[in-house]
Amino acid sequence: MSGTQSPAGSLLASSHNYASDNGNLTRKGHIDQKGSGLIASASIPAGTRILAETPLMRFPIDSRPAPGAILSAYRSLTDAQREAFDSLDFDPPDSEEEQGLNQEELDDYSASEPYILKMMLANYTANQIGGCVCTKISQLNHDCLPNCQIAWNAGIGKVTVHAVRDIAKEEELTISYIDGANMTKDSRQEKLNEWGFQCRCKACADTETGREHDAVRDTLECHQEYIKTQWEKGSAMDVDNCHRNAVEMADLQEENGILTKELADSYHLAAAFSWMLVNPKETLEWAEKQCEREKLCLGDDHPEYKRTVDIIPLIRSAITGYDDFQAARRESDLANLTAVVMKKARPKKCGDWRAKNLVKARWWTRREMEVKEGDEEYEEVEKLERELEFLEERVKKKGGNESDGVTEYRKIEAWLERE
Ligand SMILES: [Zn+2]
């Protein structure tokens, strides 16, 4: 390519998001105690997409690929890609070391040069993050309080790196190799052993600040565990306590500089429990925070962010639906009431929300209108009843708790009585 490259400043002014690589915001440099890493070559505002790369290799995140799979991915690289892969940093294995493989397995894949296979596997192990190996992104070092977020964006088929906060020029760019926001130092290190290094970041340091920070992580770990255990109880869960825990998780993460995607996940939990407590206004506040954080960490072209954006109008409609309903009830405007109830009971998306709205609609209609056979609205109410039965039937078939609908109904009843 000829011509001059745009300076980072003007690129940022035009857009914070672009599907292509923006490598001119980074440079490779020496980092104390870590070897090499990537450094910000300009000041970078929060939410900037710093890198977007098609990975050299990508495997499912939840299981370690077989050596044969890594080898065949390596073989299918172009010459330029292979050169990029080979020049990544890693500690070459001792020639006697087996890298977890026995000689037979090695012979299967590369009878002539088993050492090259070992090198290739050691390279993969050191440089994969979430099952992906990238030319530049794999050069980023880990930090338990990172200033960047790595993510796989299926929408554009690339691995992206976003600034989770404002980053000063010359700061090292770091990501978390693991979802470790709600883990203590020891739990994190156990996971990080996979990469074969001991984390020496601020959060892991054996200093007073480090220990104070670890106490926060311990609380976060407990809260997350509590919510997980409660969640498994289904309709018997203590929603009030789960809500309190989720809100505290979000607050603690914010206060302690944990600004990655996992903060968005805590906002999401707070929103979900607010919704279960039939508080649509608070649900909206948390969902909007989730949206904002996901946009910063993932970019506005990420499918997960787009899903959150789609849910916002549904929450808004739950709020206005309730307000409209109250207004209609005050005015004893029965025709308007029917219209509001019917409209709000049929959002197009989210089966779960739809079921809840149907329960609400059934209750409102029955209670407010005491519809009897022969009444004008009778047919509509019948239709609602049938839809609800159909949904409940499907929930039962999928192994869901059949009392969920009833629990929901009771909650709404209590809520309406309170108003
Ligand atoms: Zn650390």
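Where does glutamine 33 lie? In this predicted model, glutamine 33 sits in the loop between strand E1 (26-31) and strand E2 (35-40). Its phi is near 65°, a positive value in a residue other than glycine. Most residues other than glycine have a negative phi. Glutamine 33 counts as exposed because its relative accessibility is 70%. Glutamate 170 also has a positive phi, near 80°, and is likewise not a glycine. Glutamate 170 is placed in the loop between strand E8 (158-163) and strand E9 (174-175). With 44% relative accessibility, glutamate 170 counts as partly exposed.

The overall fold was examined next. The protein chain has 15 helices and nine strands. Of its 419 residues, 47% count as buried. Among contacts in the protein chain with a separation of 6 or more, 66% come from residues 24 or more positions apart. Arginine 49 belongs to strand E3 (residues 49-53). Is arginine 49 buried or exposed? Arginine 49 has 0% relative accessibility and therefore counts as buried.

The model contains a zinc site. Which residues coordinate the zinc ion? The ligands are Cys144, Cys199, Cys201 and Cys204, each through SG, at 2.3 Å. The four donor atoms subtend angles of 102 to 114° around the zinc ion, so the arrangement is tetrahedral. For four tetrahedral donors, the ideal angle at a metal is 109.5 degrees. Along the chain, the zinc donors follow the spacing C-x54-C-x1-C-x2-C. The pair of cysteine 144 and cysteine 204 links distant parts of the chain, 60 residues apart. Cysteine 144 is in the loop between strand E6 (141-142) and strand E7 (148-153). Cysteine 204 is in the loop between helix H6 (185-192) and helix H7 (208-231). Both of these cysteines are buried.

The surroundings of cysteine 144 were then traced. Cysteine 144 has a relative accessible area of 6%, and therefore is buried. Beyond residues up to four places away in sequence, cysteine 144 touches Arg188, Cys199, Cys201, Ala203, Cys204 and Arg217. Three of the residues named in that set, Cys199, Cys201 and Cys204, are also zinc ligands.

Helix packing was considered for H8 and H10. The axes of helix H8 (residues 239-255) and helix H10 (residues 280-298) come within 13 Å. They cross at roughly 35°. The crossing of H8 past H10 is left-handed. Which residues make the contact? Helix H8 contributes His243, Val247, Ala250 and Glu254. Helix H10 contributes Glu282, Trp286 and Lys289. The contact residues divide into three nonpolar, one polar and three charged.

Glutamine 253 is also found in helix H8. Glutamine 253 counts as buried because its relative accessibility is 0%. What does glutamine 253 touch, not counting residues up to four places away in sequence? Its partners are Ala181, Asn182, Leu220, Ile258, Glu262, Leu263 and Ser266.

Leucine 269 lies in helix H9 (residues 261-276). At 24% relative accessibility, leucine 269 counts as partly exposed. Leaving aside neighbours within four places in sequence, leucine 269 is in contact with Ile227 and Ala246. Leucine 269 and cysteine 242 are 27 residues apart in sequence. Their C-alpha atoms are 8.6 Å apart in space.

Conventions:
Residues are numbered from 1 along each chain as its sequence is written. This is a predicted model: local features need pLDDT of at least 70, side-chain atom pairs count only at pLDDT 80 or more; totals for chains, interfaces and linings use all residues. Side-chain values use heavy atoms; hydrogens and water are left out. Donors are N, O and S atoms within 2.8 Å of the metal (3.2 Å for Na, K and Ca); water is not among the atoms, so sites may look incomplete. Four donors count as tetrahedral if all angles lie between 85 and 135 degrees; four count as square planar and six as octahedral if opposite donors are over 155 degrees apart and all others between 65 and 115; anything else is irregular. Helices (H or I, at least four residues) and strands (E, at least two) are DSSP runs, numbered from the N terminus. Buried means under 20% relative accessible area, exposed over 50%, partly exposed in between (1.4 Å probe, protein chains only). Axes are lines fitted to C-alpha atoms, for helices over the stretch in contact, and angles run from 0 to 180 degrees between N-to-C directions. A crossing is left-handed if the near helix is turned anticlockwise from the far one by less than a right angle, and right-handed if clockwise. Contact means heavy atoms within 4.5 Å. Ala, Val, Leu, Ile, Met, Phe, Trp, Tyr, Cys and Pro count as nonpolar, Asp, Glu, Lys and Arg as charged, and the others, Gly among them, as polar.
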